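Subject: A structure to look through

Dear colleague,

I am handing over the structure we spoke about, and I would be glad if you opened it beside this message. Please look at it on your own before reading what I found.

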Amino acid sequence: MAFAARAQQPKLPTIGFLGATTPSAGGELLAAFVQRLRELGWVDGRNVAIEVRWGEGRSERFAEIAAELIRLKVDVILTHNTPPVLAAKQATSTIPIVFATGGDPVGTGAVASLARPGSNVTGLSSQQTDVVGKRVELLRELVPGLRRFAILVSDSPYGVLEVSEVQAAAHTVGLEVAAFEIRRTEDIAPAFETLKGRADALYVIADPVTISNRVRINTLALAARLPTMHNVREAVEAGGLMSYGPNWSDMFRRAADYVDKILRGAKPGDLPVEQPTKFDLVINLTTAKALGLTIPEPFLLRADEVIE
């Protein structure tokens, strides 16, 4: 998708997009937002301008991009995932910020409450921590003899919250679990070396680093014969075994409704944070076969999408 480069200060109402990941990882999500925006009457280059920037999963880039968008005097910032949301919030208390996906916006301090976000930030909560127990249950159901699994997570504020929830859910059902932290792409291969022989499966927490490197992570997991559980479909499309979580494309579409209201005069602090209405179970059959896993027919029937 091509967006016109605009070096001059734009005269049109301007949306600044702070992408947490890369064009290949997040391009379809941005396209879903732009499509819904068009349905609401906003067309890029005609009556609105969209400034797109990608952080490529690098935390230092989020603050830089937020500062750049502020210099461009954008009217609203659209972002997703916890680290970019917090970076944008730290950079401005006046420009409205809409997050399309927020793991636990109250727990991470992005908003005061879901009903009354306050300040200049609002959007859609993924409520990822609410379904951690379900993910652990699905892993146990699909991986025969599961006794221990590893968690792969970056050092984001949200990641800390989900790790705690995963550990609690695992201990409840008698599973051993260990967390392995990665801060950047270069940390991924060493993390796999460290967890070698110490896990029967891998739980990958969705954040800018893991989503940007989803192919690399899934390739290493497959080589290590580790079934993977992800938060989002996009990681399963890139070779992961399965995911259970909200539909991110749908959430990006819904984020366009927030941006529309703000461009028409609404204050972000008055717009309650919405929660997902549907959680999808996605399974990659090709990956299952490569791992030598047989997916029971009843399990397949429960899946919302089967990738072959």
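This is a predicted model: local features need pLDDT of at least 70, side-chain atom pairs count only at pLDDT 80 or more; totals for chains, interfaces and linings use all residues.

I began with two pairs of packed helices. Two packed helices are described by the angle between their axes and the distance between the axes. Helix α1, which covers residues 23–39, and helix α10, which covers residues 248–263, have axes that come within 8 Å and cross at roughly 40°. The two helices α1 and α10 are therefore oblique to each other, and α1 passes α10 in a right-handed crossing. On the α1 side the contact is made by Leu29, Leu30, Ala32, Phe33, Gln35, Arg36, Leu37 and Glu39, while α10 brings Trp248, Ser249, Phe252, Arg253, Ala255, Ala256, Asp257 and Val259.

Phe62, Ala63, Ala66 and Ile70 of α2 meet Pro83, Pro84, Ala87, Ala88 and Ala91 of α3. The residues of this contact of α2 with α3 divide into 9 nonpolar, no polar and no charged.

In soluble globular proteins, nonpolar side chains tend to be buried together. The largest nonpolar core of this model has 35 residues, and those with the most contacts inside it are Phe149, Ile151, Tyr203, Met242, Ile295 and Phe299. At least two residues of this core are supplied by each of α4 (132–142), β6 (148–154), α5 (157–172), β10 (242–246), β11 (279–284), α11 (285–291) and α12 (297–302).

Threonine 210 has its place in helix α7 (residues 208–212) and is buried, with a relative accessible area of 3%. Apart from neighbours within four places in sequence, threonine 210 is in contact with Leu152, Ile182, Val204, Ile205 and Ile217. Leucine 220, by contrast, lies in helix α8 (residues 214–223) and counts as partly exposed at 28% relative accessibility. Not counting residues up to four places away in sequence, leucine 220 touches Ile188, Ala189 and Phe192.

Finally, I would ask you to check two loop residues. Asparagine 81 lies in the loop between β3 (76–79) and α3 (82–91), and its phi is near 75°, a positive value in a residue other than glycine. Asparagine 81 counts as buried, at 8% relative accessibility. Arginine 225, in the loop between α8 and β9 (228–230), also has a positive phi, near 60°, but arginine 225 is partly exposed, with a relative accessible area of 48%.

With best wishes

Notes:
Residues are numbered from 1 along each chain as its sequence is written. Side-chain values use heavy atoms; hydrogens and water are left out. Axes are lines fitted to C-alpha atoms, for helices over the stretch in contact, and angles run from 0 to 180 degrees between N-to-C directions. Helices (H or I, at least four residues) and strands (E, at least two) are DSSP runs, numbered from the N terminus. Angles under 35 degrees count as roughly parallel, over 145 as roughly antiparallel, 65 to 115 as roughly perpendicular and the rest as oblique. A crossing is left-handed if the near helix is turned anticlockwise from the far one by less than a right angle, and right-handed if clockwise. Contact means heavy atoms within 4.5 Å. A nonpolar core is a set of buried Ala, Val, Leu, Ile, Met, Phe, Trp, Tyr and Cys residues joined through side-chain atoms within 4.5 Å. Buried means under 20% relative accessible area, exposed over 50%, partly exposed in between (1.4 Å probe, protein chains only). Ala, Val, Leu, Ile, Met, Phe, Trp, Tyr, Cys and Pro count as nonpolar, Asp, Glu, Lys and Arg as charged, and the others, Gly among them, as polar.
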